[in-house]
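I opened my notebook for this one and wrote things down as I looked them up. Here are the entries, in the order that made sense to me.

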Amino acid sequence: MLRQILPSILVLTLLAGLTQFVRADDKPSDDLVKLIIKLIGDPDREFRAAGLEKVRSSAKGAAATHLFAAQLTKLDAAGQIALLSALADRRDATARAAVLELLGASQDEQVRASSILALGTLGGIADLPLLVKSLSASGPEQAAARRSLVQMSGDTVNKSLAAELKTATPHVKNALIDVLSTRRATDESPALVAATVDDAAQVRSAAMSALGQIGSPDQISALLPGVLKAQKGGERDHAERSVAMICSRIDNEDERGTRLIEALNTIPPADRDELLPLVGRVGGKKLINFVGDIASEQDPARRKFGIDALSKWPDASVADKLLEIANKTADPAERNQAFQGYVKIAATRDNRSDRQRLDRMKQAMKAARSPEEQLLVINRTRTAYDVEAVRFVQPYLEDPEFAQLACETIVEIAHHREVRDPHKAEFDKILDKVIAVSKDAVVVDRAQRYKRGETWERPKK
Amino acid sequence: MLDTAFEALKKFDWGSDLGALAPIEDAVTAAHGKPEARHEVETRLVTALQGELSRDAREYVCRKLAIVGTAACVPGLAPLLVNPESSHMSRFALEQIPAPEAAQALRDALSRASGTVKIGIISSLGARRDAASVPPLGELLQDGDAAIARAAALALGAIGSADSAAVLQRSLQAAGGSPAPIVDALLHCAETLMAANKLTEATAIYQAFAQDNQPRLVRLAANRGLLACASKQA
């Protein structure tokens, strides 16, 4: 029966549609808006998507936006989230009031987060307090507020965010700093500089990270108190790295050194030595002498700072200086510090060749005075990706004191296919020895894999 | 050079050096925008086609006639249409020759062809969007061979005129259901009508298929069509 009447229904519908269409000619956009509204209310996601696509791009004008936004309260949560996203993309602030109303009424975390996110494009400076308040929330609402604040446009947004930074809780300060950094708010960097000496470590770290991204060399001296306030260890290292990153924006190496020395001179002399590791991280010829002199001073405490700074140098240009200190000193602790620094610097993967790195390791081995120092050299030889490095380490497989570490260094070098493959027969023989000698199952497994031409994936920490 | 190439064409077959035919290729290219040169190369190609040629050589000629062919070459190509071995390449040329004689040759061949050859000819008429083919294609909608009826529906959809839409709508009514090829063809018609700014006709088709009694995917396509029409109007 249905099969018989279906064509008639279709033709009638077709005619009805035609009439409706002709009538609709007078108000074409009304038809479009009605159809869009019908589709965004459809429970089928694909139909809904067709309507939302048009919310984003068609039926321009505030009247239509108002009608679309009015649907928010009529939809289920999934529909609300989808429509909020479409309204945000439509970028018509007419929808703002409806979005705020939904935010006030909804208990659904995802709907609230989507409303907050929509305010990033639909809202303005008036919504900033609400968004800042949402930064203290947890989960998706905080993440949405963060994104919203990053997206928000307006000449005074950065200024207002910086003002909030003065009074916010550490948790919110942290988020605000991240927002200012992502917005690349260089005009408000004084507020970030002030935050580098905040009482809360997380705020200090966030401010240092932000300035590492957007700070300018003019701020180097202003950041040094922040480096000094950072707790020794992870926070201090991070602060030093951030300032070193800003220094690296000065292209000329000599000027970089000059500017850093000038900045150091603004710090009380008693505190200056504590900043020597930062000098080491920045590196450069001009600073070698500055630090080298300190590392050779009479005062052992100052010498310690100087050696520490040289050990953090970004390249191997200070290697000879460290070796000289290591060889000359009579103090075992200082010898230990300088020798460790020398081996670390000599093994740095800078712009030298692998063969040059290996030559340094051979030099270090000759200078080594104890099995501990020899072990240090065998360990660091793994940074020279060269078959010669394997040949250098191979004899230590015979000595039980060094064998295990030698095995580890050999598999590390063998990991590099481009080193291994051209000398496969030689590597296979050495790896057989590693398999026989090593007591570490992972090392044995790696050696077997490399023999089979396979690779090995380092487990994620 | 060209004479030598046409001589080579007579012996050309699968695996022969295509370089020997390069002067023909060059002559076809050089004929662009030059009616006399075009006529000359077309005549030589038709003459070659009427002689003894391998299948590969014949197909080569058809490819060139697709570029330089006019009404003058249609009598040479038309006889190939009903031969299963040559029909495809003949259609390849006739589809692209703008002269109405080419369409007429395809229409004339409909009654002489059968099976897959006929389906191919129907498809070529659709590809040409040949308005004069609407009545014969409309008749083929009732063909006992379902594949031919389907090809006719799709060709009418490709033609995409108000007339072809009307024929399809009548067929839908007669079919007592919503056969997929007719629905596809009508939606294709609507798309073509919309592209031609015939929004009233396109909207009417889409509205018919946007009803709840239609399959989901048909409704979805129709609703997308309605949105596109309304957006175009707004």
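**Ground rules.** Helices here are DSSP runs of H or I with at least four residues, strands are runs of E with at least two, and both are numbered from the N terminus. I am working with a predicted model, where local features need pLDDT of at least 70, side-chain atom pairs count only at pLDDT 80 or more, and totals for chains, interfaces and linings use all residues. Residues are numbered from 1 along each chain as its sequence is written, chains are lettered from A and ligands numbered from 1 in the order in which they are written, and side-chain values use heavy atoms, with hydrogens and water left out.

**Entry: Ser242(A).** I looked up Ser242(A) and found it in helix α15 (residues 234–247) of chain A. Is Ser242(A) buried or exposed? It counts as buried because its relative accessibility is 4%. My cut-offs are under 20% relative accessible area for buried, over 50% for exposed and partly exposed in between, with a 1.4 Å probe and protein chains only. Then I checked contacts, meaning heavy atoms within 4.5 Å. Skipping neighbours within four places in sequence, Ser242(A) is in contact with Met208(A), Ser209(A) and Gly212(A).

**Entry: Gln142(A).** Helix α9 (residues 139–151) of chain A holds Gln142(A). I put Gln142(A) down as buried, because its relative accessibility comes to 13%. Not counting residues up to four places away in sequence, it touches Ser134(A), Leu135(A), Ala137(A), His171(A) and Ala175(A).

**Entry: two positive phi angles.** I noted that Ala59(A) has phi near 45 degrees, which is positive in a residue other than glycine. Arg91(A) is also a residue other than glycine with a positive phi, near 55 degrees. Where are they? Ala59(A) sits in the loop between α3 (45–57) and α4 (62–70) of chain A. Arg91(A) sits in the loop between α5 (77–90) and α6 (96–105) of chain A. Ala59(A) goes down as buried because its relative accessible area is 8%. Arg91(A) goes down as exposed because its relative accessible area is 60%.

Entry: Thr381(A) lies in the loop between α24 (371–380) and α25 (387–393) of chain A. With a relative accessible area of 0%, Thr381(A) is buried. Which residues does Thr381(A) touch, not counting residues up to four places away in sequence? They are Leu358(A), Met361(A), Ala389(A), Phe392(A), Val393(A), Thr409(A) and Ile413(A).

I found Thr186(A) in the loop between α11 (170–182) and α12 (189–195) of chain A. Thr186(A) counts as partly exposed because its relative accessibility is 46%. From Thr186(A) to Val437(A) I read 58 Å, C-alpha to C-alpha, for 251 residues apart in sequence.

**Entry: domains of chain A.** The domain assignment gives chain A domain 1 (24–152) and domain 2 (383–461); such bounds come from an automatic or database assignment. The C-alpha centres of these two domains lie 59 Å apart.

**Entry: chain B overall.** How many helices and strands does chain B have? I wrote down 14 helices and 0 strands. The C-alpha trace of chain B spans about 65 × 40 × 30 Å along its principal axes. Of its 234 residues, 51% count as buried. Among contacts in chain B with a separation of 6 or more, 57% come from residues 24 or more positions apart.

**Entry: the core.** A nonpolar core is a set of buried Ala, Val, Leu, Ile, Met, Phe, Trp, Tyr and Cys residues joined through side-chain atoms within 4.5 Å. The largest one has 220 residues, and Leu9(B) and Leu77(B) have the most contacts inside it. Helix α12 (residues 180–195) of chain B gives the largest share of this core, 9 residues. The core also draws at least three residues from each of domain 1 (24–152) and domain 2 (383–461) of chain A. I jotted a reminder that nonpolar side chains tend to be buried together in soluble globular proteins. Last, leaving aside neighbours within four places in sequence, Leu77(B) is in contact with Leu49(B), Cys62(B), Leu65(B), Ser90(B), Ala93(B), Leu94(B) and Ile97(B).
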